[in-house]
Amino acid sequence: MLDILLSAGALLGLAPVFAVIALCIWVDDPGAPAIFRQRRCGRGGRPFELFKFRTMVGDADALKESLRGRSEVAWPDFRVANDPRVTRVGRLLRRTSLDELPQLVNVLRGEMSLVGPRPTSFAASTYLLWQTGRLDFKPGVTGPWQVHGRNRMDFVDRCRLEISFFRKHSLARELWLLVLTIGCVVKRTGVA
């Protein structure tokens, strides 16, 4: 209930910000929609469509395979320093984490929680058996990985952290994590 109330209130209050961001994305790269939709792995391994502000060129997925050899993390996870697919506005959105705001719609729809393990863009079938423990929980807009490791952790360490955190979760711990997330966003801790 708290997820629904907070996400609905944030969506209403941030509507003007959403409009300005969408306009900036369109002016910078008018070839594709302002909202990016990507299939992600949710609770129980069920796929859902995650919303983000688009930070890359329209054909970014097609270019991903050509960059696979430059990835700094083990496949199927993927991260490239100074990714050439990221637009000028996209860099700003990523540095400020504003690209994540449309996920409030996913929270409102019940596909995500404000706090939970980050949903992966690769299927549950690629997980090792012990890693599927992170799928016991609804994915979140933020979680312990964003606060305690973000781009410094590989997927194995990220799974350990998230599974450990959410097996001992409480409302107080999740609210504290939301506060810590705000601090990380302001300080731009671990931002790509």
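Counting cavities of 30 Å³ or more gives 1 in this predicted model. A cavity here is a set of points, on a 1 Å grid over the protein atoms alone, where a 1.4 Å probe fits but cannot get out. Grid points are joined across faces, edges and corners, and a volume is the space filled by probe spheres set on the points. Residues are numbered from 1 along each chain as its sequence is written. The model being predicted, local features need pLDDT of at least 70 and side-chain atom pairs count only at pLDDT 80 or more, while totals for chains, interfaces and linings use all residues; side-chain values use heavy atoms, with hydrogens and water left out.

The largest cavity has a volume of about 40 Å³. Its lining is made up of Cys41, Gly42, Arg43, Pro117, Arg118, Pro119, Arg134, Leu135, Phe137 and Pro139, where a lining residue has an atom within 4 Å of a point. By class, that lining holds 6 nonpolar, 1 polar and 3 charged residues. Nonpolar covers Ala, Val, Leu, Ile, Met, Phe, Trp, Tyr, Cys and Pro, charged covers Asp, Glu, Lys and Arg, and the others, Gly among them, are polar.

Arg134 from this lining also meets glutamate 162: their side chains are joined by a polar contact of 2.6 Å. Such a contact is a pair of N or O atoms within 3.5 Å; within protein, one must be able to donate a hydrogen and the other to accept it, and residues adjacent in sequence count only if both atoms are side-chain atoms. Glutamate 162 belongs to helix H7 (residues 155–167); helices (H or I, at least four residues) and strands (E, at least two) are DSSP runs, numbered from the N terminus. Beyond four places in sequence, the contacts of glutamate 162 (heavy atoms within 4.5 Å) are Pro117, Arg118, Arg134, Pro144 and Trp145.

Let's turn to burial. Buried means under 20% relative accessible area, exposed over 50%, and partly exposed in between, with a 1.4 Å probe and protein chains only.

| Residue | Relative accessibility | Class |
|---|---|---|
| Glutamate 162 | 0% | buried |
| Valine 107 | 2% | buried |
| Tyrosine 127 | 7% | buried |
| Phenylalanine 155 | 12% | buried |
| Serine 97 | 13% | buried |

Rings of Phe, Tyr and Trp (its six-membered ring) pair if their centres lie within 6.5 Å; planes under 30 degrees apart are stacked, over 60 edge-to-face and the rest tilted. Tyrosine 127 and phenylalanine 155 form an edge-to-face pair because their ring centres are 5.3 Å apart and their planes stand at 70°. This pair links distant parts of the chain, 28 residues apart: tyrosine 127 is in the loop between E3 and strand E4 (140–142), phenylalanine 155 in helix H7. Ring pairs also bring in Phe122, making a cluster with Tyr127 and Phe155.

Now for the open space. The second largest pocket has a volume of about 220 Å³; a pocket is an open set with protein on both sides within 12 Å along at least five of seven lines. Of its 18 lining residues, Asp3, Ser113, Leu114, Val115 and Glu174 are the closest to the centre. Helix H1 (2–13), strand E3 (113–115) and helix H8 (171–187) each give two or more residues to this lining, and H8 gives the most, with 4.

Valine 107, in helix H5, touches some of these residues: outside four places in sequence, its contacts are Asp3, Ser7, Met112, Ser113, Leu114 and Val141.

Finally, serine 97 has a positive phi of about 60° although it is not a glycine. Serine 97 sits in the loop between helix H4 (88–96) and helix H5 (103–108).
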